[in-house]
Amino acid sequence: MSLTRHLSRGRDLARTAGDHASDMFAPLTVIGRGLRRHSEWLKARWAATPKEKRGPTVFLTAAGVLGVFLLPHGPLLALVALMASAAWVGRSPKASPADPEPDAADLKLTALYAALTPYLAAPEELSPLYGPEGRYQDAFSGWEFDDQGRLAMLDLGYPAYFTDTEPAARARVEQVIQGKAGRSREYRFDWDEESNRLRVTALAPLATDIAAQTFVTTPGEIVLGFTDDHGSRRTIPVTLNGATVQQPPVVWRTGARSSEPHLLALGSAGSGTSTLIRSIALQALRHGDLMVIDGAGTGEHACLVNRPGVHTVETSLHGALAALEWAAQETERRLTALNAARHHGVAAPEDVTRPLWLLLDHPTELTELAHAEGRPDPQELLELPLRHGRAARVTVVVADDLAAYDRISPTVRATTRARVMLGPATPGSAEAVLTGPLDITPANRTPPGRGYARIGASAPVRLQVPVTVDPLDDEAPAAHREAVITLLPHRDTRTEAPAVDLKAGSATPAGPPEMPKEPPAVRPRPVW
């Protein structure tokens, strides 16, 4: 018999002996396991017993043991009961340790890789970067998750044959990534076409509680709102929650040297377009005059009525037509006066160099009413201020509903290259309004005053309009109403009563009394 057969037979005998020994000592194993579990239970029970109760517990236990010992056949019965209990408790083997929970980041990245595969894979590729049997580690070079377990950054590669120059192909990939990473946030997509790389960054939310206040700007600069560090290289001090902080603003430069002298703001209902108009009006009144046309007729700008520097606030079609006709004549008069001053080499009169602002809120409502009554379209009267407003120091701001974009006249759309879009947006609507692609995927829900801005040919930036509530709205917070009242100009040294918080039943203090000031020079209001 060979050595190999001896070794094989020896292993069989050892295995058989082990099986018999296991069967023989199985009851002892079960009882031993039960006794160990009983001891563990006693240790846990003793540790959970308060120190002041441990003495009485030991005394009662000793008394019970003594009573059992004094009973006829007591120790034998106690031993049998203990063995039976140990056999019952130890009948099941020790549970195997639970499998560790899968890594949430691994699951999310795997799902994202699988979702991108249909758009970035090719069946004929020999070694595909994306495929059913591929791994996300091969395509994703870097990723980060925030404290809440949400994807904060992703750096991925894509095949060279992917059509990254087509907006539709990009939009499909961006939609998939946003769907897997969460639609409640905004994401910036940086496409590196030369290296076939895509970097996705989740953007932090903007501050939504910056109230109306006096911003540090020069004449002709209007703060449309605030953005992130990526959208502005400049910061200005603002008061936020009682402290002064530095925030990057979105500044729109107007005047004779402005490249984009007129603004068009669009948004859905409740998105904050009227708030933007009020914010611009409060800033424009510091160095100029203005005229407001409220096409919706909701009274959102009634706080500007009879204010110094405000020529008129019109809500009717008749008043709007008369005001816009005067604005067109005023633009022509200013052009004539400026040309005459240049011809004679003298300084231009102050009444033609002081900026004039035409603020129109929902003018398409008046357009439909004018068409129904057979009267001239108010938007046609804007042609002269729009085309010659830069030279005449006349600035036009038009705010309307996003659904009314097609009803805005071609002249207004062609001459207002400073654009603002507020409220929820789709990539298609954002590109149409901002006249350019948006490299930021909008969130599905946005707070009031939240949107995007594009000044001329610059890249679109995120925008949060300052909280500029209607001071006549009793439902608005008293602190915000008081901030707007403080910025409104007054005709004399008397100040308005502080805004009253109806919920608290008390007035917001208006601060220390101001020293008397000289009333500003006011031009006569036009009569029509």
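## Ground rules

Residues count from 1 along each chain as its sequence is written, and side-chain values use heavy atoms, with hydrogens and water left out. Since this is a predicted model, local features need pLDDT of at least 70 and side-chain atom pairs count only at pLDDT 80 or more, while totals for chains, interfaces and linings use all residues.

## The chain overall

The protein chain comes to 15 helices and 19 strands; helices (H or I, at least four residues) and strands (E, at least two) are DSSP runs, numbered from the N terminus. Of its 528 residues, 41% count as buried, where buried means under 20% relative accessible area, exposed over 50%, and partly exposed in between (1.4 Å probe, protein chains only).

Take the contacts (heavy atoms within 4.5 Å) with a separation of 6 or more: 65% of them join residues 24 or more positions apart.

## Two nonpolar cores

A nonpolar core here is a set of buried Ala, Val, Leu, Ile, Met, Phe, Trp, Tyr and Cys residues joined through side-chain atoms within 4.5 Å. The largest one has 36 residues, and Leu-224, Ile-280, Trp-357 and Leu-359 are among those with the most contacts inside it. Helix H8 (residues 273–284) gives the most to this core, with six residues.

A second, separate core has 35 residues, including Met-291, Ile-293, Ala-392 and Leu-438. Leu-359 touches both Met-291 and Ile-293, and its list also includes Ile-277, Ile-280 and Leu-290, leaving aside residues up to four places away in sequence.

## Helix H7

H7 (residues 167–181) has 15 residues and reaches 21 Å from its first C-alpha to its last. That is close to the 21 Å expected at 1.5 Å a residue, taking 1.5 Å times one less than the number of residues.

Its buried residues are Ala-169, Val-173, Glu-174, Val-176, Ile-177, Gln-178 and Ala-181. They pack against helix H5 (104–120) and strands S2 (151–157), S3 (186–192), S4 (197–203) and S15 (440–441).

## Out at the surface

Leu-35 sits in helix H2 (residues 26–48) and is partly exposed, with a relative accessible area of 34%. Together with Leu-79 and Leu-82, Leu-35 forms a nonpolar surface patch.

Glu-373 belongs to helix H11 (residues 363–373) and counts as partly exposed because its relative accessibility is 47%. The C-alpha atoms of Glu-373 and Leu-317 are separated by 10.0 Å, although the two residues are 56 residues apart along the chain.

Conventions: Patch = residues over 30% accessible without salt bridge, like charges linked within 9 Å, V, L, I, M, F, W, Y side chains within 5 Å. Areas by Shrake-Rupley, 256 points an atom, 1.4 Å probe, with all protein chains shown as cover. Salt bridge = Lys/Arg side-chain N within 4 Å of Asp/Glu carboxyl O.
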